[in-house]
Number of protein chains: 2
Amino acid sequence: MEDVAARAGVSRALVSIVFRGAVGASEGTRERVFAAAADLGYQPDRRASRLGRTRTRMLGVVFGVGHAFHGDLIDSLYAAAAVSDYEVVLSGVTPRRSEEEAVRALLAERCEGIVLVGSALPSPALSELAGRLPAVSVLRDVRVEGVDVVRTDDAEGLRQAVTHLHGLGHRRIVHADGGRAPGAAQRRRGYRSAARRLGLPSMPLLPGGLTEEDGARAAGALLRLPPGEGPTAVTAFNDRCALGFLDAVRRAGLMVPEQLSVVGFDDIRAASYAHIALTTIRQDADALGRLAIERVASRLDGGEPPGSPVVVAPALVVRATTGAPR
Amino acid sequence: MEDVAARAGVSRALVSIVFRGAVGASEGTRERVFAAAADLGYQPDRRASRLGRTRTRMLGVVFGVGHAFHGDLIDSLYAAAAVSDYEVVLSGVTPRRSEEEAVRALLAERCEGIVLVGSALPSPALSELAGRLPAVSVLRDVRVEGVDVVRTDDAEGLRQAVTHLHGLGHRRIVHADGGRAPGAAQRRRGYRSAARRLGLPSMPLLPGGLTEEDGARAAGALLRLPPGEGPTAVTAFNDRCALGFLDAVRRAGLMVPEQLSVVGFDDIRAASYAHIALTTIRQDADALGRLAIERVASRLDGGEPPGSPVVVAPALVVRATTGAPR
DNA sequence: TGCTCGTACTAGAGCGCTCTAGTTGAGGAG
DNA sequence: CTCCTCAACTAGAGCGCTCTAGTACGAGCA
């Protein structure tokens, strides 16, 4: 920086002003500074700049690496943070790196706020975290003082799925459950409330889960049901579960959607592939990311207190895995 | 830090020594410092510590968020970096965030080395990057001066796949190609060399790609072949391609492996799911990550020059999608 | 007793920026 | 012509650490 200043014939402070894009430098000087920097291959050091500043303007994001939907969310978070002039720092959770560790790393970096994607952190840990900085949980609905929540209206999503199936003429609709996964309880609830409201017969849940394998297991349970007792339609906890389910029932000889209709949840990219064409409930990754950043930014910049959960509406996407019952 | 020092009755320098785990502090003092820090909720600021240090010991990792196999690699990179006492800084590539941008962010953080996972950077950019810091490309084989390469022996993987199928009695084996994806050219080459060596008839490539959708498209091409001209076995560019392919041919009524055998590449988690049970060529994510870190660490710590490509052996994993031809 | 040596500890100068509190000088008002 | 204003620029004190070059002191030795 010293060198750049010397070469441009100005003080170090001026170089700082120019690179921050702050007011107080003439157009000519700006150009000279940039030219000098280019000649010298100078690039400001972010670490030092953050140290000198009162605010770091860094937002930590904890996410599961390799999770397709988390990827969609990260894309949106990067974009939204740039708009509010914040910087995103990623900290991944992997089989060998716990969420606690991921959070600790972000704290040591002095992030100002933290976004937890699909967090599995226990309430006490969340509560302690929220006491240190603005925290927002995306996807998972937590009821912890100080923790903001941005999530999809999971219950409403399942209501849409059930209503769609009901509209096609289905009456025996079953839900492949997500167990303890984020959103699973709400989806279960949405399924039940819609079934009740529409006067559908109550059916036991199928044991499902987050992955394709869980979906295949749910299919196995369905196939073991006595003939005549089986459902004509299934709502799966999520798309991956639906995909595994579909694969398994088709291989068992069932025709979809002729003999069985299937609805997923998330609308991951694979759901829209032509050969899959899964009818599903779309989660708006873009809105979720944007709202998460807005929430933490407004607490940081506007001093707003944590608010009530922000709920994003899901949308039914009808493709080729649902149809009228035979 | 000042406060902690005061509370423990020592100087700031001592606190630094204790937290760095450096020599020069008595056991009693260590305890007092830690106790004081705990009372005050003090945690050292990484940014400042890195600034003060000559070395930042930070390694940047550029990866595609949401890519399952990249996730496996990240896990391994985190673990390996910890062993060499390096810190991993993630920078994700998403639809809206280019690889160039991801790299730029890492440079501004003053990373000492950079690991590019499945990079698509053009050679000039790679070359310039390598001029600034030790860089290693994982998965993609680049021939750029100064850029280290750690990759799987893709050609050997396909040779194993073809040999396996040949051993089962297949003669008409076709390859669903990966186009310009990292490793695709080598896999094509491995397929061809094995076919030639085993005296198999030459068959045109199927247009495949990285995703399930590409695999389904390849299946469409195969199904359009005149009866009798079709292959009895297919090697897919990767697992996702194989999965899409499988789904499509099965829905067209083909039995796998009775009428058609399929081999994937990568061994992503889904390949091992019971209902999928894909025979595939496993890439050793753990070894790839470890070797990538070793490479950059040895250049940084040992001053070693960039070396020749490190090639990791793949392994055939036989599951249920391959069998003797009808 | 005086000397060296090693351990435990401290002072203070950086690291590469930011930012406050200036200084300078040109232009406009009175 | 003086005074004020404002834009353009500078000096220098931080930010929270690390690290070098010390100091203090007790133990061991001749």
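Biologist: How many salt bridges does the structure hold over all chains?

Modeller: A salt bridge is a side-chain nitrogen of Lys or Arg within 4 Å of a carboxyl oxygen of Asp or Glu, and over all chains the structure holds 56 of them. This is a predicted model, in which local features need pLDDT of at least 70 and side-chain atom pairs count only at pLDDT 80 or more, while totals for chains, interfaces and linings use all residues. Side-chain values use heavy atoms, with hydrogens and water left out, residues are numbered from 1 along each chain as its sequence is written, and chains are lettered from A and ligands numbered from 1 in the order in which they are written.

Biologist: Which residue forms a salt bridge with A:D148?

Modeller: The partner of A:D148 is A:R295, with the closest N and O atoms 3.0 Å apart. Because A:D148 lies in strand β5 (residues 147–152) of chain A and A:R295 in helix α12 (residues 285–302) of chain A, the pair ties together parts that are 147 residues apart in sequence; helices (H or I, at least four residues) and strands (E, at least two) are DSSP runs, numbered from the N terminus.

Biologist: What rotation superposes chain B on chain A?

Modeller: Copies are superposed by least squares on the C-alpha atoms of residues with pLDDT of at least 70 in both. Here a rotation of 180 degrees, with 0.0 Å of shift along its axis, superposes chain B on chain A with an RMSD of 0.1 Å, and the two copies are therefore related as by a two-fold rotation axis. In chain B, the C-alpha nearest the axis belongs to B:G66, 2.2 Å from it.
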